[in-house]
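Here is my note on the model. Please read it beside the sequence and the coordinates. The points are numbered for reply.

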Amino acid sequence: MEQEMEKKLVTMAREARKNAYAPYSGYFVGAAVLTTDGDIYTGCNVENASYGLTNCAERTAIFKAVSEGARKLRAIAIAGPEDGNPPYPCGACRQVLSEFAESGEMPVFVTTGADVYQTYQLKELLPYSFNL
């Protein structure tokens with residue numbers, strides 16, 4: 001993947017983070033997914049007083065993409081607070097990513113700063129998924 005696209009995804013994830021609704025944890029997260037068609041969808045975390053109803057930024061972005069007809073993802077960027085812990089995807093998000101990933105080599109960019117991000121392959125984060 002081109003570095004320009006990586007930076008674009010990270011930037012869009014950071015922008016999506018501004019829309020997060022996190023009054024309970026105070027941990028604001030944004031995500032941007034790139035489809036195999038070249039489209040980008042963003043999402044943010046949306047908390048709820050009933051914690052089990054909370055939705056992560058990653059799944060919000062993926063569900064938006066799928067609801068618009070996308071079925072395969074090429075990459076995802078996840079942005080957390082600059083002074084916080086890196087926003088690694090939770091187990092549920094990792095499995096949902098694996099459902100729609102183009103392959104286990106799909107890059108996952110995790111960022112806590114504008115130009116600072118770590119890159120993982122999905123299969124590193126979820127080595128024994130149900131479908132990769």
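1. P107 lies in strand β4. Strands here, and helices likewise, are DSSP runs numbered from the N terminus (E, at least two residues, for strands; H or I, at least four, for helices). P107 has a relative accessibility of 16% and counts as buried. The cut-offs are under 20% relative accessible area for buried, over 50% for exposed, and partly exposed in between, with a 1.4 Å probe and protein chains only. Y88 is 19 residues away from P107 along the chain, and their C-alpha atoms are 13 Å apart.

2. A word on the source. This is a predicted model, in which local features need pLDDT of at least 70 and side-chain atom pairs count only at pLDDT 80 or more, while totals for chains, interfaces and linings use all residues. Residues are numbered from 1 along each chain as its sequence is written, and side-chain values use heavy atoms, with hydrogens and water left out.

3. The sheet comes next. Five strands make an open sheet in the order β2-β1-β3-β4-β5, with mixed pairing. β2 and β5 (116-121) are the edge strands, each pairing on one side only. From one strand to the next, the twist averages 20 degrees. For that angle, axes are lines fitted to C-alpha atoms (for helices, over the stretch in contact), and angles run from 0 to 180 degrees between N-to-C directions. Two strands count as paired if DSSP finds at least two bridges between them.

4. Which strand runs parallel to β3? Strand β4 (residues 107-113) does: four bridges join it to β3 (residues 73-79). Within this pair, A77 stands opposite F109 in β4. β3 is mostly covered, with six of its seven residues buried.

5. On the β1 side the sense is antiparallel. β1 and β3 pair this way over six bridges. Strand β1 (residues 30-35) also pairs antiparallel with β2, over five bridges. In general, strands of a sheet pair through backbone hydrogen bonds, either parallel or antiparallel.

6. How many salt bridges does the structure hold? There are three. The criterion is a side-chain nitrogen of Lys or Arg within 4 Å of a carboxyl oxygen of Asp or Glu. One of them joins the side chains of E82 and R14 at 2.8 Å, N to O. E82 lies in the loop between β3 and α3 and R14 in helix α1 (residues 3-17), so this pair ties together parts that are 68 residues apart in sequence. E82 is exposed, with a relative accessible area of 56%. R14 is buried, at 16%.

7. Another salt bridge links the side chains of K123 and E105 (2.8 Å, N to O). K123 is in helix α4 (residues 122-125) and E105 in the loop between α3 and β4, so the contact ties together parts 18 residues apart in sequence. K123 is partly exposed, at 39% relative accessibility. E105 is partly exposed too, at 41%.

8. K18 and E15 also meet through their side chains in a salt bridge, at 2.9 Å, N to O. K18 is exposed, with a relative accessible area of 60%. E15 is partly exposed, at 44%.

9. Is S98 buried or exposed? S98 counts as buried, because its relative accessibility is 2%. S98 lies in helix α3 (residues 91-100). A polar atom of its side chain lies 2.8 Å from the backbone oxygen of Q95.

10. Last, the surface. Y21, Y24, V46 and Y51 make a nonpolar patch of about 450 Å². Areas come from the Shrake-Rupley method with a 1.4 Å probe; for residues, only the protein chains shown count as cover. Patch residues have over 30% relative accessible area and no salt bridge; nonpolar side chains (Val, Leu, Ile, Met, Phe, Trp, Tyr) are joined within 5 Å, and like charges within 9 Å. V46 sits in the loop between β2 (40-44) and α2 (57-67). V46 is partly exposed, with a relative accessible area of 37%.

Key: Polar contact = N/O pair within 3.5 Å; in protein donor to acceptor, adjacent residues only side chain to side chain.
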